[in-house]
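Work through the exercises below with the sequence and the coordinates open, and try each task before reading its solution.

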Amino acid sequence: MRWGIAGYGWVARDYMAPAIRASGGTVAAIADPSPTSRMQADAAGIAAFDSVEAMLNAGACDLLYVATPNDAHLAPVRAAAAAGVPVLCEKPIAATLDQAEAMAEAVSGGALYGTAFDQRHHPAHRAMAEAIAGGEIGRPVAVRIVYACWVDPAWSPNGAAHDNWRADPARAGGGAVIDLALHGLDLSERLLGEPLADLSITLQRRIHAYPVDDGGMLTGRSASGVLFQSHVAYNCAEVLPRRRLEVLGERGLLIATDTMGQTAGGTLARRCATTGHDAPIAFDGETSPFTAQAAAFMAAARGEAHDFSMARDLALMRLFDRAYRDARSCL
Ligand SMILES: NC(=O)c1ccc[n+]([C@@H]2O[C@H](COP(=O)([O-])OP(=O)(O)OC[C@H]3O[C@@H](n4cnc5c(N)ncnc54)[C@H](O)[C@@H]3O)[C@@H](O)[C@H]2O)c1
């Protein structure tokens, strides 16, 4: 299948394009207003357009992946839906709830839409979901996540000059919390097989001199009463432990380390609540969450069963937006 990419920046170039190829697709075209991005595409043998409309009008792709800054997700999704092209859009759905609602309206005519919550596709997280559904830890009690990194005002993914829109509240929709926490919120719903019902957030702007939050603590509860807790941050040095996911159940604890993120691998174990001993849980350590996600989206576009759902993602965005607005008013 021929993919088009709107926004050929860091995540598209370094993670999604290789994942598309690894899952059997082709990166046929990109659309990006930046001449530098278009030159990089050209050098990789990819057709480069300066607008999404031009790329779609040329019939250059069967699927669209949107990886523009958060406030620029809506227009390409609208254009793809109007052209009848299935669209996978990066998280968060958008920078604001209003934009997310407009996006839901745009795809309500039946166009296939997925939010790129890649973490739900990580093989370790799929294995965790199976272990929970199979009763291996008994009734789940709590999901606990640490997902943190270092993003200072001059942050760049590769050391080269970079437009750090992540520190701009209008373009990003917030700071560390809108960027990082939705991964864990979506993943929690996937692991538990049920939506979150309550959420509250406490923010900090502690280390970095920019107008968005650089850390946050989230607490919540699922529909059936499982607790959710997550610490996300832009102010955690990257040599420190910063990617950890645990699910506590009445009969054991599932522990995943270094699985949250864009790359393959990490570790997964079940600690027995009777003996305290760890037993590793096997998973495919070679396939990245991006590769598994690209494969899942292509299967969905071919008409196979899938669990991409705008209705679910919008419900989560509404829950998140309410808590985030409350938290920002106290910052
Ligand atoms: N799932 C993940 O793990 C993950 C990781 C990183 C980023 N992301 C998401 O991906 C998106 C992009 O992040 P990034 O770090 O790659 O940003 P980036 O700044 O590196 O790249 C964004 C690209 O979009 C281009 N662009 C801007 N406006 C555009 C428009 N209207 N049409 C087409 N292209 C446009 C820019 O020129 C740039 O090349 C964000 O939504 C971010 O939240 C997700």
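**Exercise 1. Find which polar atoms of the protein lie close to oxygen atoms of the ligand, using a cut-off of 3.5 Å between N or O atoms for a polar contact.**

Solution. Start with the backbone: a polar backbone atom of Thr-68 is 3.2 Å from an oxygen atom of the ligand. Then turn to side chains, where an N or O atom of His-73 is 2.9 Å from a ligand oxygen, and a polar side-chain atom of Trp-165 lies 2.9 Å from an oxygen atom of the ligand. As for cover, the ligand on its own has 860 Å² of accessible area, of which the protein covers 86% (Shrake-Rupley method, 1.4 Å probe). The model is predicted, so that local features need pLDDT of at least 70 and side-chain atom pairs pLDDT 80 or more, while totals for chains, interfaces and linings use all residues. Residues are numbered from 1 along each chain as its sequence is written, and side-chain values use heavy atoms, with hydrogens and water left out.

**Exercise 2. Describe the shell around the ligand by class, by helix and by domain.**

Solution. The shell holds 25 residues, and Asp-32, Asn-70, His-73, Asp-118 and Trp-165 come nearest (a residue is near if one of its heavy atoms lies within 4 Å). Sorting by class gives nine nonpolar, ten polar and six charged residues, with Gly counted as polar. Among helices, α1 (10-22) and α8 (176-192) each supply at least two shell residues (helices are DSSP runs of H or I with at least four residues, strands are runs of E with at least two). Domain 1 (2-116) and domain 2 (119-287) each contribute at least three residues, the bounds coming from an automatic or database domain assignment.

**Exercise 3. Determine whether Arg-120 is buried or exposed, and which side chains form polar contacts with Arg-120.**

Solution. First locate Arg-120, which sits in the loop between β6 (113-116) and α6 (123-133). Arg-120 counts as buried because its relative accessibility is 6% (buried is under 20%, exposed over 50%, partly exposed in between, with a 1.4 Å probe and protein chains only). Next, its side chain makes a polar contact of 2.8 Å with that of Asp-186 and another of 2.9 Å with that of Asp-307; within protein, one atom of such a pair must be able to donate a hydrogen and the other to accept it, and residues adjacent in sequence count only if both atoms are side-chain atoms. Finally, beyond neighbours within four places in sequence, the residues in contact with Arg-120 (heavy atoms within 4.5 Å) include Arg-126, Leu-187, Arg-190 and Arg-312.
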